[in-house]
Amino acid sequence: TKKLIKHITAAFCALFVIIILCIPFGVKEVALQYIDTVASYNFASVNAYNLWTALGMNWQELTPAMSILGTFFIVLITVASGYIFFGIHHKNRHFSASAFLCFSVFMLSVKIHDRYAYPAIALSLCAFALSGKKSDLILCSGICLSQFLNTAHVLFGYVPEDYYTGNFRTFAVLFSVFSLCVFVYMLKNVF
């Protein structure tokens, strides 16, 4: 229970720091900006090469069922992250649980933008630095490559006139399938 209290205290300290950093901009204004931003992405995927893009749903309007499924995935991922953090006693569990949380939300949730997986790169690299395991290096490399392909394809392949048609769509789906393979490897590696 001492560890649990320590972790809960750390979480409240992190929340406190976030609030302090928001004060110059107005805590209410920052919260409203965050809510407005989330509401503005009413799509299954916003150029995130994840499960939804693999299914051909990049920039597709959300349905209520998709929203419910996205929320269900977030709850499931949070529980799984807690299990990794509290139930698996690896010396890199802090970083492994955090990388898992970031990359899993990116891969399974809705309203996700391509940049939302960037923290998973740094966190998986830290997990490898602590463990030194080859599997953690492979995972970090896979996340890096999937994000490189995602970002490069969107930056250099985006043409507003024929966006998400033809070759662009084909490569988006293929790169999303690669990201799903990395995600499956992560599941195998973490659990």
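Helices and strands here are DSSP runs, a helix having at least four residues and a strand at least two, numbered from the N terminus. With that settled, one more caution: this is a predicted model.

I'll start with Asn47. Asn47 sits in the loop between strand 1, residues 45-46, and helix 3, residues 51-54. Its phi is positive, about 65 degrees, although Asn47 is not a glycine. As background, most residues other than glycine have a negative phi. Is Asn47 buried or exposed? With 7% relative accessibility, Asn47 counts as buried.

There is a second case, Trp59. Trp59 also has a positive phi, about 60 degrees, and is not a glycine. Trp59 belongs to the loop between helix 3 and helix 4. Its relative accessible area is 35%, so Trp59 is partly exposed.

Now the core. The largest nonpolar core has 30 residues, and the ones with the most contacts inside it are Trp52, Phe103, Phe106, Ile143 and Met186. Two or more residues each come from helix 4 (64-87), helix 5 (93-108), helix 6 (118-131), helix 7 (134-157) and helix 8 (166-190). Which helix gives the most to this core? That is helix 5, with 7 residues.

Take Ile143 as an example. Setting aside neighbours within four places in sequence, Ile143 contacts Phe103, Ala120, Ile121, Ser124, Val182 and Met186. There is also a second, separate core of 5 residues, which includes Tyr49, Val154, Phe168 and Phe175.

Gln147 lies in helix 7. Its relative accessible area is 2%, and buried means under 20%, so Gln147 is buried. Leaving out residues up to four places away in sequence, Gln147 touches Phe103, Phe106, Asp114, Ala117, Tyr118 and Ile121. Phe103 and Phe106 are among the residues with the most contacts inside the largest core.

Last, the packing of helix 5 against helix 6. The two axes come within 8 Å and cross at roughly 155 degrees. Angles over 145 degrees count as roughly antiparallel, and helix 5 and helix 6 are therefore roughly antiparallel to each other. Their crossing is left-handed. On the helix 5 side, the contact is made by Phe95, Ser96, Ser98, Ala99, Cys102 and Phe103. Helix 6 contributes Pro119, Ala120, Leu123, Ser124, Cys126, Ala127 and Leu130. What does this contact contain by class? There are 10 nonpolar residues, 3 polar ones and no charged ones.

How values were computed:
Residues are numbered from 1 along each chain as its sequence is written. This is a predicted model: local features need pLDDT of at least 70, side-chain atom pairs count only at pLDDT 80 or more; totals for chains, interfaces and linings use all residues. Side-chain values use heavy atoms; hydrogens and water are left out. A nonpolar core is a set of buried Ala, Val, Leu, Ile, Met, Phe, Trp, Tyr and Cys residues joined through side-chain atoms within 4.5 Å. Buried means under 20% relative accessible area, exposed over 50%, partly exposed in between (1.4 Å probe, protein chains only). Contact means heavy atoms within 4.5 Å. Axes are lines fitted to C-alpha atoms, for helices over the stretch in contact, and angles run from 0 to 180 degrees between N-to-C directions. Angles under 35 degrees count as roughly parallel, over 145 as roughly antiparallel, 65 to 115 as roughly perpendicular and the rest as oblique. A crossing is left-handed if the near helix is turned anticlockwise from the far one by less than a right angle, and right-handed if clockwise. Ala, Val, Leu, Ile, Met, Phe, Trp, Tyr, Cys and Pro count as nonpolar, Asp, Glu, Lys and Arg as charged, and the others, Gly among them, as polar.
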